[in-house]
Each structure stands twice: as structure tokens, then as C-alpha cells.
Amino acid sequence: GADGFMMLPRGGPSGCGYDIARKGMEFPVLLHSSLSVRSDNCWKDSMHRGRWKSEDGDGKGPKLKVGVIVCTSYEQGNDDFQSIDRTLVDSLGGDSHVILVQKFVCKVPSDAENNEEFTQKLSAMVSSPQMEGTNAIFVVVPTDPLAEDNGSSAIAFRAGLEVSHALRPILTKNAGAMALQVRKHAAAHDPVAALFENVVGIVRNGSAVLITCSDRGFEGAVVAVKGLLGYLTSLLNSTD
């Protein structure tokens, strides 16, 4: 795959720009792949990397602040979903790169009568003061560990549809292409994840990215957005 996107000047209506980058020419490149750090694309001189440097100038960048909302289709019991937290933090680079700001847990209603109440509750969690300062909010729908695999997956994915339907109206911008990448990478880790309705978009008045996913293939889903989250959140912060 490509390490990034090269931007060629078109030269306005006069058409005096370039349609092809020939050998020896130099143009800005938007790096998007984690492999770019090991390529010959002058990563050290990247203007995009420069926007994500920490204040002390060590080049490591500030910690990513994330929130988690677990939407379960079964009774929670004593499950505190620590495995979801750990997978998320580890997949994003570990405790030295990530801060878990807040976690909420809610139950997806099994009957349509309570859907409106659930939508309001989920929206309130996303916009709550406890999520203040988050760069990314992951909404995760886990499968029931005590149920048979097929039945648990079916219930969880029906719940995933309800969650996605509830969250779409609160998105300021919908990132459909990013959602497809999340699904693709999750399915690479667990084929069942391909059935899940992933949603990615901007929330909290344009200050945070929201990603919905199943716990099936969760690591792959997180890795899919890892390379873009730092750059995307820096852009969102720069427009505050």
C-alpha cells in the first residue's frame, strides 16, 4: 500500500499545474501509514509530523486522550470490561502514549419502545463533561462471553445496528471511508467482524473523533485508525 498522498498543484483555471509527478520533482506528501516512519519519504522533515510534536519539543507527541462507551446487549454482572480498556490502550501504543479519560457502560434495549430513551442516553454520554478533552471516543459492543458463539454474535450485531443508528444523528461529519477501513482491519483479525455496522465521525462540536466497533476484531479496528488519529485530532484542535 501507499505511504501517503502526493498533492500536485493544478495551477487554477489556466491549467498550468501538474497531473503527473516525474522523477526528480518534489511535492508535499500527506503521510498516513505507520510504515512511513521507516520509509525514504523524509519523515523527519514532515510538516504534518511537526504539528503533532509535544510542547517540550521531544518529537514524541502528547498523549492521546480517549473515552470508552461499552454498549452491552446482556446483563453486565461483575464484568468491568477491563480487557477492552487494555486492548485499546495497548493497540494505540501503551500507557506512555494514551490516557483513558472516562468509561461509561450502558445496556442496549431489547425492545423498540425504549430506543428513543437509549438514543438520548448515548448522546448524553458522548457530550458529557466527563468526556471533556477527549481526542477520540470508542463505542464498543461486546459479545456475551457466556452465550453460545453464534447466538451471542447475532445478538451483539443486532445491538450494534441499534448503537450505530443512535449515534449517526449526533455526528457533525461522517467519515465513511474511515469506517470501511475499521471494518476491513477488524475482519482481518476476526471474519465475523465484517458483519458489524461501523460508524466513524466527528462529535463534541468538532473536537473529537467517534469510532464504533465490536469486540470481535477490536485490535484490528483500533490499529486501522491509529496512524490517523494523531494527525486528525491535531487538525481538530487547530480549528478551535
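Tutor: Let us begin with a definition: two strands pair if DSSP finds at least two bridges between them. The model discussed here is predicted.

Student: How do you know that β3 and β5 pair?

Tutor: Five bridges join β3 (residues 64-72) to β5 (residues 136-141), and the definition asks for at least two. The two strands therefore count as paired, and they run parallel. Val 68, for example, stands opposite Phe 138 in β5.

Student: What makes the pairing in the sheet mixed?

Tutor: The six strands of this open sheet have the order β4-β3-β5-β8-β7-β6. β5 and β8 pair in the parallel sense over six bridges, with Val 209 in β8 as the bridge partner of Ala 136. β7 and β8, however, pair in the antiparallel sense over four bridges, and Gly 201 stands opposite Leu 210 in β8.

Student: Why are β4 and β6 said to stand at the edges?

Tutor: β4 (98-107) and β6 (173-174) each have a single partner strand, so one side of each is left without a neighbour in the sheet.

Student: Why is β8 called mostly covered?

Tutor: A residue is buried when its relative accessible area is under 20%. Seven of the seven residues of β8 are buried, so the strand is described as mostly covered. Both faces are covered: Ala 208, Leu 210, Thr 212 and Ser 214 lie on one side, and Val 209, Ile 211 and Cys 213 on the other.

Key. Residues are numbered from 1 along each chain as its sequence is written. This is a predicted model: local features need pLDDT of at least 70, side-chain atom pairs count only at pLDDT 80 or more; totals for chains, interfaces and linings use all residues. Side-chain values use heavy atoms; hydrogens and water are left out. Buried means under 20% relative accessible area, exposed over 50%, partly exposed in between (1.4 Å probe, protein chains only).
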